[in-house]
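Colleague: I would like a close look at one part of this model, the place where the two chains meet. Please take me through that part and then through what lies around it.

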Amino acid sequence: MAEGILCNRRPINTEEELQTLLADKSGKQYYAEMNELDVDTEKLEATLQKTLKSRLKTWLEICAHCGLCADSCFLYLANKKDPEQVPSYKIQSTLGEIVKRKGKVDNAFMQMVMDTAWSKCTCCNRCGMYCPFGIDMGIMFGYLRGLCFSQGFVPWEMKIGSGMHRIYRAQMDITTEDWVDTCEWMAEEYEEDWPGLCIPVDKENADIIYTVNAREPKHYPEDIAEAAILFHLAGENWTVPSEGWEETSLAMFAGDWEACKLQVESVYDAMHRLKPKRMVVTECGHAYRATVIEGPYWAGIKTGKTPIESFHYVEWVAEALRTGKLKIDPSKRIKEPVTYQDSCNYIRNAGLGDAAREIMSYIAEDFREMTPSREHNFCCGGGGGLNGVGRYREQRNIGLKIKRDQILATGAKLVISPCHNCWDAIRDLEEVYKVGIRWSFLKPLLIKMVEVPEHMKPED
Amino acid sequence: MYQLYQFVTGPIAWMSFGIFFIGVIVRAITYIKGLNWQADRVTYTVNVSYGISGALRSVFFWLIPFKTRSWRVNPGFTVLFFVFHIGLLVTPVLLQAHNILLKERWGISLWSMPDAMADVLTIAMLVAALFLTLRRIALPEVRILTNAYDYILMLIAVAPFITGFLASHNASCYDFWLILHIITGEIMLVAIPFTKLSHFVLFFCSRAQIGMDFGIKRGGMKGKGLAW
Ligand code: SF4
Ligand code: SF4
Ligand code: SF4
C-alpha cells in the first residue's frame with residue numbers, strides 16, 4: 001500500500017523525521033505525497049468496529065435532520081448560511097459516509113474528510129447545545145480527526161505538532177534545559193523591579209504547581225515573569241516543574257490519542273514527583289481542556305480527575321481577588337468599555353463562566369457582555385487548531401467575521417482574552433479586518449492595576 | 001370483515017405491542033451497554049450524583065417548551081415540535097375508543113379525554129406535520145439533510161392519525177378506515193424499535209448521556225450546571 005516519505009500513516013517519533021518534515025516548507029511535498037496515499041480500508045473498518053460505540057453510533061442514526069443545529073455554528077453563519085456548513089451535514093457526509101461504507105473509501109474522499117474535519121469545524125461544541133438530542137458534532141469531529149490521523153490524512157502543521165509532543169513533551173521544540181533557563185532568565189530580568197522575585201523550579205510540597213503553554217517560553221517569556229510577579233505579590237508558595245510543565249496539546253487537535261496520553265502523563269508525573277497541593281494552568285483554553293478535562297481519560301484515571309486538583313488561571317485570579325491576596329487599586333480599574341472572550345474550552349466545556357465575571361467585577365468599570373455570552377458564546381474562529389493550519393487560512397479568516405461583529409456590537413475597543421488561541425484569533429481579526437480593537441491577557445492588565453505593598457517595591 | 005378485524009386486533013395487535021415493548025427495551029439496554037467511560041470520556045460510574053443531576057437537567061430542560069436557548073431562538077419550530085409530539089403521544093393513549101377497547105380486551109383502561117379534544121389534538125398534530133414537511137422542502141439548511149427516509153418516517157407517523165380521524169368521522173366507509181387505521185398503527189409500533197423512530201426511547205438515553213457528560217466532566221462539578 002502506497003505511502004509517502006513525509007505523508008504516511010506513521011506518527012513522527014524521531015528528531016530526524018521531525019526535522020525532515022519541518023524542512024518541507026508549508027508542506028509542499030507533504031501534500032503532494034498525500035495525493036498518492038492509499039487508504040488502508042481494512043484498518044479503517046477494524047478501527048470503526050473497535051472504537052465506534054453506542055453514543056456516536058446513536059447520534060449518527062437518530063439525527064432527525066431537523067437543521068436546528070445550523071444557526072448554532074459560527075462557520076455556517078460566517079459563510080452566508082451555506083447549507084454545506086450545517087453541522088449535521090458536515091458530519092453525516094464525512095463520518096456518516098465512512099460508517100455507511102464500512103471504511104471502503106478512497107483517497108479523494110479522505111482528503112475531503114480531512115478538509116472538512118479541520119477547516120469546517122473547530123470542535124467548539126456549540127452545536128451540541130442546540131440539538132434536541134444533544135448531538136455534539138464537535139465530539140464527533142474529534143473522533144473523526146483520530147480516524148484521519150491514523151490514516152495519515154492530517155494537515156501538515158498538525159502532524160508536526162503531534163510529533164513535537166512525542167519528542168519534546170511540548171508543542172514546540174523546547175528542551176528541559178531551555179525551559180529552566182528561560183525561567184531563570186526571567187527571574188533575573190525582573191528581579192530588579194520586584195525584589196525577592198524568583199521562579200522556583202522543582203520545589204517539593206508547594207501549594208501551587210504552575211504549568212504553561214510552550215509558546216510562553218518560546219515567544220512570550222514575559223508572560224512567565226508576569227505570572228511570577230502576581231504569585232509573588234499574592235504571597236503564594238509555588239513552583240514550576242522542570243519536566244511536565246507543558247499543558248497544551250496539539251496532539252488533541254491532530255487526533256493523535258497516543259501522543260495525547262504521553263503529554264498529559266508528563267504533567268501528572270510532575271504532580272506525583274513534586275507533591276504540590278494543587279495545579280494552576282496559565283491563560284490557555286485548550287491546554288486546560290486537554291490536561292484537566294480530557295487528560296485523565298486518556299491516561300486511564302478512573303475518577304476522571306487529575307491526580308491533584310487543577311485550576312484554570314481565571315479561577316486562581318478570581319480567588320486571589322476575592323480573598324484579598326491581590327488587591328486592585330480602585331483608581332486604576334479599567335475605565336473604558338471592555339469585553340471578555342469566553343473561551344469554549346474552559347467556559348462552555350468546563351463551567352468557568354462565573355469566575356470570569358467575578359474577575360471583571362473587580363477590574364472593570366464598564367464591562368460589556370458579548371451577545372450571546374458565557375456557555376453560549378461563539379468560538380473565536382481559530383479554535384481546534386484552525387489558527388495554525390496554512391492550508392485553511394482563508395476559511396479561518398472568513399470565520400473570524402462572527403467574532404468581529406460580536407465584539408463591535410459591544411462598543412468596547414478592548415477585549416480581554418485569557419486563552420492563547422482566542423488571543424491569536426482576535427489579533428489576526430484585527431490584522432485582517434482593521435476594526436481598531438485591542439486585546440490582552442489578564443496578567444499584564446492585573447500588574448498595572450494591582451496594589452503593591454511597600455516592602456515589595458524596589459528601593460531607589 | 002369481522003374476521004379481519006378480529007385478526008388485526010387480536011394476534012397481530014399482540015405481536016405489534018410485543019415487538020414494540022421488547023424492541024424499545026432492547027434498544028435502551030444496547031445503548032447503555034455500549035457506553036464506554038474511556039471512549040466517551042465520561043466516568044459514568046464515578047461521581048454518580050453529578051451524573052444523575054446532569055442527566056435529569058438535560059432531559060427536563062428539553063421537555064419544556066422555550067426552556068432552552070435553542071427552543072427560544074427557534075420559536076416557530078418549537079411550537080411545531082411540541083404540538084406534533086404532544087398530539088402523537090397523548091391522543092392514542094387517552095382516546096376514549098382506545099380505552100374502551102383496552103377494557104374489553106385486557107380489562108384495563110386509563111382516563112380518557114372527550115372526543116372533541118382528541119379531534120383538536122389530531123388536527124393540530126397533522127397541521128404541524130404538514131408544516132414540518134413544508135419546512136423540510138423550503139429551508140435550504142433542512143433540505144440538504146433530508147432524504148426519502150425522512151418522508152417515509154413522517155408518513156408512518158401520520159398515517160394512523162389520518163386513518164383514525166377518517167374512521168371516526170366517516171360513517172360510510174367506517175370499516176375500511178378502521179382496519180387501515182389499525183394496520184397503520186401497528187406498522188408504526190413495529191417501526192419504532194427498528195427505525196429512527198427509536199428516538200422514542202433514545203432521545204432520553206442520548207439527552208441523559210450528554211447531560212452526564214456536562215454534569216460530570218465538562219464543568220458540572222465546578223459551575224452551577226449548564227444553562228441549556
Ligand atoms: S439539530 Fe440535532 S437532530 Fe437536528 S439536524 Fe442537527 S444534529 Fe440532527
Ligand atoms: S463544534 Fe462548533 S464549529 Fe464544529 S460544527 Fe459544531 S458549532 Fe460548528
Ligand atoms: S480558541 Fe478559544 S474560542 Fe476558539 S475554540 Fe479554542 S477556546 Fe474556543
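Modeller: Across the interface of chain B and chain A, 8 salt bridges are found, in a model that is predicted. Over all chains the structure holds 42 salt bridges. Side chains of opposite charge can pair when their charged atoms come close. One of the pairs in this model joins Lys217(B) to Glu294(A), with the closest N and O atoms 2.7 Å apart. That pair crosses between chains: Lys217(B) belongs to helix 12 (residues 199–217) of chain B, and Glu294(A) to helix 15 (residues 285–298) of chain A. Another salt bridge brings together the side chains of Arg218(B) and Asp136(A), at 3.0 Å from N to O.

The size of an interface is often given as the accessible area lost when the parts come together. Here chain B and chain A bury about 4,500 Å² between them, and carbon and sulfur atoms carry 57% of it. On the chain B side, the residues that lose the most area to chain A are Leu145(B), Arg218(B) and Lys222(B), which together make up 15% of what that side buries. Counted by residues, 56 of chain B are in contact with 55 of chain A.

Chain B itself has 12 helices and 0 strands. Read from the N terminus on, its elements run α-α-α-α-α-α-α-α-α-α-α-α. The C-alpha trace of chain B spans about 65 × 40 × 35 Å along its principal axes.

In one open sheet of chain A, 4 strands lie in the order 2-1-3-4, with parallel pairing. Strand 2 (238–239) and strand 4 (309–312) of chain A each have a single partner strand, so one side of each is left without a neighbour in the sheet. Strand 2 of chain A pairs with strand 1 (residues 208–211) of chain A in the parallel sense, over 2 bridges. Within this pair, Ile209(A) stands opposite Thr239(A) of strand 2 of chain A. Helix 16 (residues 313–323) of chain A lies across strand 1, strand 3 (278–281) and strand 4 of chain A, and runs at about 85 degrees to strand 4 of chain A.

There is also an open sheet of 4 strands in chain A with the order 6-5-7-8, and here too the pairing is parallel. Strand 6 (364–368) and strand 8 (438–440) of chain A are the edge strands, each pairing on one side only. From one strand to the next the twist averages 35 degrees. Strand 5 (residues 334–340) of chain A pairs in the parallel sense with strand 6 of chain A over 4 bridges, and Ile334(A) stands opposite Ala364(A) in strand 6 of chain A. Strand 5 of chain A is also joined to strand 7 of chain A, by 3 bridges and again in parallel; there Tyr340(A) stands opposite Ile416(A) in strand 7 of chain A. Helix 21 (residues 442–449) of chain A lies across strand 5, strand 7 (414–416) and strand 8 of chain A, at about 85 degrees to strand 8 of chain A.

Two backbone details in chain A can be checked against a general rule. Most residues other than glycine have a negative phi, and most peptide bonds are trans. Ser26(A) is not a glycine, yet has a positive phi of about 45 degrees; Ser26(A) sits in the loop between helix 1 (15–23) and helix 2 (28–34) of chain A. The bond between Thr371(A) and Pro372(A) is a cis peptide bond, with omega at about -15 degrees. Pro372(A) is placed in the loop between strand 6 and helix 19 (393–410) of chain A.

Last comes a ligand site. Ligand 2 is surrounded by residues of chain A that include Cys73(A), Cys121(A), Cys123(A), Cys124(A) and Cys127(A), along with Phe74(A), Pro87(A), Lys90(A), Thr122(A), Asn125(A) and Gly138(A). By class, the shell around ligand 2 divides into 7 nonpolar, 3 polar and 1 charged residue.

Methods. Residues numbered from 1 in each chain as written. Chains lettered and ligands numbered in written order. Predicted model: local features only at pLDDT ≥ 70, side-chain atom pairs only at ≥ 80, totals over all residues. Heavy atoms only, no water. Near = heavy atom within 4 Å. Nonpolar A, V, L, I, M, F, W, Y, C, P; charged D, E, K, R; others polar. Pairing = 2+ DSSP bridges. Contact = heavy atoms within 4.5 Å. Axes fitted to C-alpha atoms, helices over the stretch in contact; angles between N-to-C directions. Buried area = accessible area lost by both parts, 1.4 Å probe. Salt bridge = Lys/Arg side-chain N within 4 Å of Asp/Glu carboxyl O.
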